[in-house]
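Subject: Two-chain model, handed over with notes

Hello,

The structure we spoke about is below, with my notes after it. Please read them with the model open.

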Amino acid sequence: MTLLNVAGLVAGYSAADEILKGVDFAIEPGEIVGIIGPNGAGKSTLLKAIAGLLKPSRGSITLNDRPIAGHAPREISRMGVAYVPQENNIFPTMSVRENLEMGGYVDPAGTRGRIELAFGRFPVLAEKRRRAARTLSGGERQMLAMAMALMVEPEVLLLDEPSAGLSPVAAERLFESVIAINRDGVTIGMVEQNAREALSIAARAYILVDGRNHRTGRAADLAADPDIRRIFLGG
Amino acid sequence: MPPILAEIAQLVVNGIMTGTILAVPAIGLTSIHAVLRFPNFAVASHATVGAFAGYVANVKLGLPVLPSVVLAFLVAGAVGVAADELVLKPFRAAGFITTAIASIALTIALENLVRFGFGNELRGYDLPIMRDWRLGGIRVGPQQLQNLAIAVAAMAALFAFLAFTRTGKAMRAVADNPMLASIKGINADVVARLVSFVGMGLAGLGGMLIGLDTTIDPLTGFRAILSVFAAAVVGGLGSIPGAVVGALTVGVGEELCLLFLSPDYRSAVGFTAILLVLTLRPRGILGQRAY
């Protein structure tokens, strides 16, 4: 059974400004799915619509065959979809530990145990547990944002350009974390500007252009396609 | 101690007393600003509502000061939630300036409701007459110290609530990043009601503390609002520790100005403080750190 299914999705920031013009998208349990494409293709808009931050004007979104489109973000979060925005994805004045507590707000039972799990997965966060989140480096912030999303043990984790603005070393560490999280059984949908890296860790990928599906397939096949290499991977 | 030093010391002590009391409604104003993102000038009338609720409890019902202060907090908080839901919430979509102007209209309406019920005359609480204490040439009234203790206890309780409870942390989360708080499942409407209750409750408590030090009338809150607003702006609008620092700065500044100016010009300190901060450090002394 498909875990997350999006069909014919039309959405945007206003009725006159439709960014997604009928996108189809699906994630099977346990896989990493990459979403790549040029700026303005609608990649982040797709994740925002799934997370409930944008109300689609047409199309359907289902999680385990249950419709989730039109629900409030907190309801979608409770249903098992954890979304990590590209920016402003932490509570800057709160401590690292408090950020994790807020990550698990909808499911407070067992928060303490899950915080210890998060510290085990991201030791750098354990070292800085009492520090205000605003004092973390860019890579550490992204790790905190992912750790917060994992606090509700989601069925699917949606990451919006997690490597944006990171140094190559920090980005590499972050992608290693994404792979490790997936190995632990978490299904991941990831929008990524670094198309080469996204295709190297994803099982499948979607290429969006101008709010529509351009290509879909196994990530390895897409990475080997000469046209895609030339247009999206810089040759 | 030379007389001028004794006078300065006395004014500083008075300023700390005034500033600590001022901090209570200033925290109310700044908390509401941190979460709802507009300056709610109705803090003024809620201070008056609290002062009169405490008056009814203390004078009409004969309750001691402490339970009366608790009642002042609860009544002003409840009025704050109702007024926000019925009057201010519908304006929020129109932006913070519109909502702030609506809060001025609300404060005038509430103030006149109090005037309608209680009249314009000055009223005092039923307090025992006590001799001031003298500590090394500085006079301190026992009632002033009790007011100080109540203000400090209220602030400590608020800090503990924000630091150690799940709901308090959720309030800070909404103040910090409302969109992410929504994604994480925090209900912004519930937090808005809670911050209106706590913020206006503190305004009411502050109104009664001001009244315990002097007298009350329907303009009690209106007279204090400039100093309260100055305290919040000086500390950094949206910052709770900033409101405390700002209130102490404004309180001590207002008292020290008496060395040079007639008490009629005391409110100039608030204006000057707002002007200086907005010119030199627009984010306030502690910036806009919510907690």
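Asp65(A) sits in the loop that joins strand E4 (58-63) to strand E5 (66-67) of chain A. Bear in mind that this is a predicted model. The phi of Asp65(A) is positive, near 70°, and the residue is not a glycine. For context, most residues other than glycine have a negative phi. Asp65(A) has 9 other C-beta atoms within 10 Å, so it is exposed; the cut-off for that class is 12 or fewer.

Asn88(A) is another non-glycine residue with a positive phi, about 50°. Its loop runs between strand E6 (81-84) and helix H3 (96-103) of chain A. Asn88(A) counts as partly exposed because it has 13 C-beta neighbours inside 10 Å.

A positive phi, near 95°, also turns up at Gly52(A), which follows helix H1 of chain A. That helix covers residues 43-51 and is mostly covered, with eight of its nine residues buried. The buried ones are Lys43(A), Thr45(A), Leu46(A), Leu47(A), Lys48(A), Ala49(A), Ile50(A) and Ala51(A).

**Chain A overall**

Chain A contains ten helices and ten strands. Its C-alpha trace spans about 45 × 40 × 35 Å along the principal axes. A compact globule of 235 residues would have a radius of gyration near 18 Å, and the 17 Å of chain A agrees with that. Of the 235 residues in chain A, 46% are buried. Taking contacts in chain A between residues at least 6 apart in sequence, 66% join residues at least 24 apart.

**Chain B overall**

Chain B has eleven helices and two strands. Read from the N terminus, the order of its elements is α-α-α-α-β-β-α-α-α-α-α-α-α. The C-alpha atoms of chain B fill a box of roughly 60 × 45 × 35 Å along the principal axes. For 291 residues the compact-globule value is near 19 Å, and chain B has a radius of gyration of 19 Å, which agrees. Buried residues account for 53% of the 291 in chain B. Of the contacts in chain B with a separation of 6 or more, 76% are between residues 24 or more positions apart.

**Helices of chain B**

Which parts of H1(B) and H5(B) make the contact between them? First, the geometry. Two packed helices are described by the angle between their axes and the distance between the axes. Helix H1 (residues 3-36) and helix H5 (residues 142-164) of chain B have axes that come within 9 Å and cross at roughly 35°. The crossing of H1(B) past H5(B) is left-handed. On the H1(B) side the contact uses Met17(B), Thr20(B), Ile21(B), Ala23(B), Val24(B) and Ile27(B). On the H5(B) side it uses Gln144(B), Asn147(B), Leu148(B), Ala151(B), Val152(B), Ala154(B), Met155(B) and Leu158(B). As a reminder, an α-helix has 3.6 residues a turn, so residues three or four places apart point the same way.

Helix H8 of chain B runs over residues 188-213, 26 residues in total. From first C-alpha to last, H8(B) reaches 37 Å, close to the 38 Å expected at 1.5 Å a residue. Because 21 of its 26 residues are buried, H8(B) is largely enclosed by the rest of the structure.

**The nonpolar core**

The largest nonpolar core has 167 residues, and the members that touch the most others are Leu158(A), Ala23(B) and Ala231(B). H8(B) supplies the largest share of this core, 14 residues. Leaving out residues up to four places away in sequence, Ala231(B) touches Leu22(B), Ala23(B), Ala26(B), Ala243(B), Gly246(B), Ala247(B) and Val250(B).

**One buried loop residue**

Is Asn40(B) buried or exposed? Asn40(B) belongs to the loop between H1 and helix H2 (43-60) of chain B. With 29 C-beta neighbours inside 10 Å, Asn40(B) counts as buried; the threshold is 20 or more. Beyond residues up to four places away in sequence, Asn40(B) touches Leu29(B), Ile32(B) and Ser103(B). Asn40(B) and Thr279(B) are 239 residues apart in sequence, and their C-alpha atoms are 22 Å apart in space.

Regards

Methods
Residues numbered from 1 in each chain as written. Chains lettered and ligands numbered in written order. Predicted model: local features only at pLDDT ≥ 70, side-chain atom pairs only at ≥ 80, totals over all residues. Helix = DSSP H or I, 4+ residues; strand = E, 2+ residues; numbered from the N terminus. Expected span 1.5 Å × (residues − 1). Core = buried A, V, L, I, M, F, W, Y, C linked by C-beta atoms within 7 Å. Contact = placed C-beta atoms within 7 Å. Rg over C-alpha atoms; globule rule 2.2 N^0.38 Å. Axes fitted to C-alpha atoms, helices over the stretch in contact; angles between N-to-C directions. Left-handed = near helix turned anticlockwise from the far one by under 90°.
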